[in-house]
Amino acid sequence: MIVVMKEGSTRAEIEQVMQVLKQKGFGVHLSEGTEQTIVGVIGPRDRVRELGIENMSGVEKLVPVSNPFKLASRAFHPDNTTIQVLDHVVGGETPTIIAGPCSVESRDGLIEIAQAVKASGAQLLRGGAFKPRSSPYSFQGLGEEGLKYLAAAREETGLGIVSEIMEPGLVELVASYVDVLQIGARNMQNFALLKAVGKTQKPVLLKRGFSNTIEEWLMSAEYIMAEGNPNVILCERGIRTFETYTRNTLDLNAVPVVQHLSHLPVLVDPSHGVGHARYVSTMARASIAAGAAGVIVEVHPKPEEAWSDGSQTLTLKAFDEMARQVRQLHELTKSFQRQEATM
Ligand code: PEP
Ligand code: MN
């Protein structure tokens, strides 16, 4: 349920509504948007109705929220959310470009990649130190050593760091090195992990599970937000279908659907989405055209020598070109969106 306040309602009226709800044991969430002030209510709908909130001073109306996600829903927060990561704003005016190797390999190699992707316009460096591999015999990542290399690359370049976290018990360690905690597709419904990252204020890049619906994905965002961390960035990375010529099927439908349902910024990972380097730039462009706030891609100076996911990894040169295209298309897409908004 949301309480829509009247235009020009006073601070005292808003406080009064919130106080009544809190006293009755409801969760409340205030959103002071550019057009409307909304008090989101978490708790049984029928019991909210019994309180007579619609008769309180300054209240315009009560509107039920039918979706099971609340804090993540656009009804609770009509304006788009932006998330600050160092000096970059995710969901802001410039597209977010996250690039780097699938796995962190060596310190010098990582710094070389970081310098190159920075020169091409990336704001954030990705690299897995703890890797979720399908086989226990595959390289599992360098662990904390890898995190140290990532921190060294930030020191050298100023790029923010994005790296995957797989266990609740490692949140403190990983959070002490990175700027964005990545939750991978395989852990999207690891609820203990979602709760643990929710207890921090670190931005979280929440990837969609490859067999999960959009609603399940937004409920996972809700788990993080319900613990008190509002800084959730969604990332579509492809879902499993019957198709075999691509590693996954990149579900770009999800971009406009999520933007309709939620205020959270959504990025796309075309590397895992298609699984073949030759299609990555095309699908990065398609992601931006669909309205994504940016992309995350795998990049390596010698993709054929990468320790993981080499076949879907862009060369530094291919990435440079992709980044340029993404910036151009983002500007064009934004101008289309502005035109649509005035129609
Ligand atoms: C990755 O980013 O390297 C990764 C493992 O991604 P996903 O969780 O989307 O498979
Ligand atoms: Mn990978």
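Tutor: Start with the domains, whose bounds come from an automatic or database domain assignment. This is a predicted model. The chain divides into domain 1 (2–63) and domain 2 (83–341). Their C-alpha centres lie 36 Å apart.

Student: Which residues are the protein donors of the manganese ion (ligand 2)?

Tutor: Donors here are N, O and S atoms within 2.8 Å of the metal. The manganese ion (ligand 2) has Cys-102 (SG), His-272 (NE2), Glu-298 (OE) and Asp-309 (OD), at 2.0 to 2.4 Å. Their sequence spacing is C-x169-H-x25-E-x10-D. His-272 sits in helix H9 (residues 270–274) and Glu-298 in strand S14 (residues 294–298), 26 residues apart.

Student: Is His-272 buried or exposed?

Tutor: Buried means under 20% relative accessible area. His-272 is buried because its value is 8%. Glu-298 is buried too, at 0%.

Student: How many salt bridges does the count come to?

Tutor: The rule asks for a side-chain nitrogen of Lys or Arg within 4 Å of a carboxyl oxygen of Asp or Glu. The count comes to ten. One of them joins Asp-309 and Arg-247, 3.1 Å from N to O. Both residues lie in loops, so this bridge ties together parts 62 residues apart in sequence.

Student: Which residues are linked in a network of salt bridges?

Tutor: Arg-11, Glu-15 and Glu-32 are. Glu-15 and Arg-11 both lie in helix H1 (residues 11–23), four residues apart, about one turn. Their closest N and O atoms are 3.5 Å apart. For Glu-32 and Arg-11, that distance is 2.4 Å. This pair links strand S2 (residues 27–32) to helix H1, 21 residues apart.

Terms used
Residues are numbered from 1 along each chain as its sequence is written. Chains are lettered from A and ligands numbered from 1 in the order in which they are written. This is a predicted model: local features need pLDDT of at least 70, side-chain atom pairs count only at pLDDT 80 or more; totals for chains, interfaces and linings use all residues. Side-chain values use heavy atoms; hydrogens and water are left out. Donors are N, O and S atoms within 2.8 Å of the metal (3.2 Å for Na, K and Ca); water is not among the atoms, so sites may look incomplete. Helices (H or I, at least four residues) and strands (E, at least two) are DSSP runs, numbered from the N terminus. Buried means under 20% relative accessible area, exposed over 50%, partly exposed in between (1.4 Å probe, protein chains only).
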